[in-house]
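Trainee: I'd like to take a close look at one stretch of this chain. Could you walk me through it, piece by piece?
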Amino acid sequence: MSRIGKSPITVPEGVDINIDGNVITVKGKLGELKQEINDIDFNIEDGVIYFERSSEKSDQKAKHGLYRALVNNMITGVTEGYTKKLELVGVGYRASNQGQKLDLAVGFSHNIVLDLAPEVKVETVSEKGKNPVIKLTSYDKQLVGQIAAKIRSFRTPEPYKGKGIKFVGEQLRRKAGKSA
């Protein structure tokens, strides 16, 4: 059996879970998320969610752990939320935001202006002597990760000098330059 899929999820206080057919809705203090669950049976008993599969097919084995992890991420998201931090490394690289518009200056002839989803809160921190940092916060883990990957794709870190947009704490694989 899937070790992830068979572990139960305890529902914390302040989280409402509604089941409508095969759609599970999780509502908490930060927001509301929905997920459609196919081929996997689930039930709620005394504030604990259990996931079970009906056969040993490889498709169901894969979905067993997947849906359990997705529902767990939804519960964590509506209670605590998720945060991604991106760091701009390079001379003249800047980031600023006006509401939900993120303005990036990352070495192109023009600035990149990105409209963000209303579920994502954006904050830019620029301190003198330090690299600018973009902080993305939301209750939807998939959305935060997708937007962070999109921002990083504008200028991925290069292996020689390390210039580009990287996640805070990310270890880059550096290469040596030409040896003369």
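Trainee: How far apart do the end C-alpha atoms of residues 11-81 lie, and how much of the span is helix and how much is strand?

Mentor: The end C-alpha atoms of residues 11-81 lie 15 Å apart, and the span is 31% helix and 38% strand. Helices (DSSP H or I, at least four residues) and strands (E, at least two) are numbered from the N terminus. Bear in mind that this is a predicted model, where local features need pLDDT of at least 70, side-chain atom pairs need 80 or more, and totals for chains, interfaces and linings use all residues. Residues are numbered from 1 along each chain as its sequence is written, and side-chain values use heavy atoms, leaving out hydrogens and water.

An unreviewed UniProt entry annotates residues 11-81, along with 89-166, as "domain: Large ribosomal subunit protein uL6 alpha-beta". UniProt positions follow the numbering used here, feature names are shortened, and annotations may be inferred rather than shown by experiment.

Let's start with the sheet. Three strands line up as β2-β3-β4 in an open sheet with antiparallel pairing (pairing takes at least two DSSP bridges). At the edges sit β2, residues 16-20, and β4, residues 32-36, and each of these pairs on one side only. From one strand to the next, the twist averages 15°. Angles run from 0 to 180 degrees between N-to-C directions of lines fitted to C-alpha atoms, for helices over the stretch in contact.

If you zoom in on β3 (residues 23-27), you'll find five bridges joining it to β4, with the two strands running antiparallel. Touching here means heavy atoms within 4.5 Å.

Helix α1 covers residues 58-79, with Ser58 among them. Ser58 is exposed, at 61% relative accessible area; exposed means over 50%, buried under 20%, and partly exposed in between (1.4 Å probe, protein chains only).

Now for some aromatics. Searching the whole structure turns up one aromatic pair. Its members are Phe42 and Phe51, tilted, at 6.1 Å centre to centre with 40° between the planes. To pair, rings of Phe, Tyr and Trp (its six-membered ring) need centres within 6.5 Å; under 30 degrees is stacked, over 60 edge-to-face, the rest tilted. Both Phe42 and Phe51 are buried.

For comparison, glance at the other annotated span. Residues 89-166 come out as 17% helix and 37% strand, with end C-alpha atoms 8 Å apart. Look around there and you'll see an open sheet of four strands, in the order β11-β12-β7-β13, with antiparallel pairing. Its edge strands are β11 (121-125) and β13 (164-167), each pairing on one side only. There the twist averages 20° from one strand to the next. Strand β7, residues 82-89, is joined to β13 by four bridges, the two running antiparallel, and Val89 stands opposite Gly164 in β13. This sheet has a helix of its own to look at: α2 (residues 141-153) lies across β7, β12 (133-138) and β13, running at about 5° to β7.
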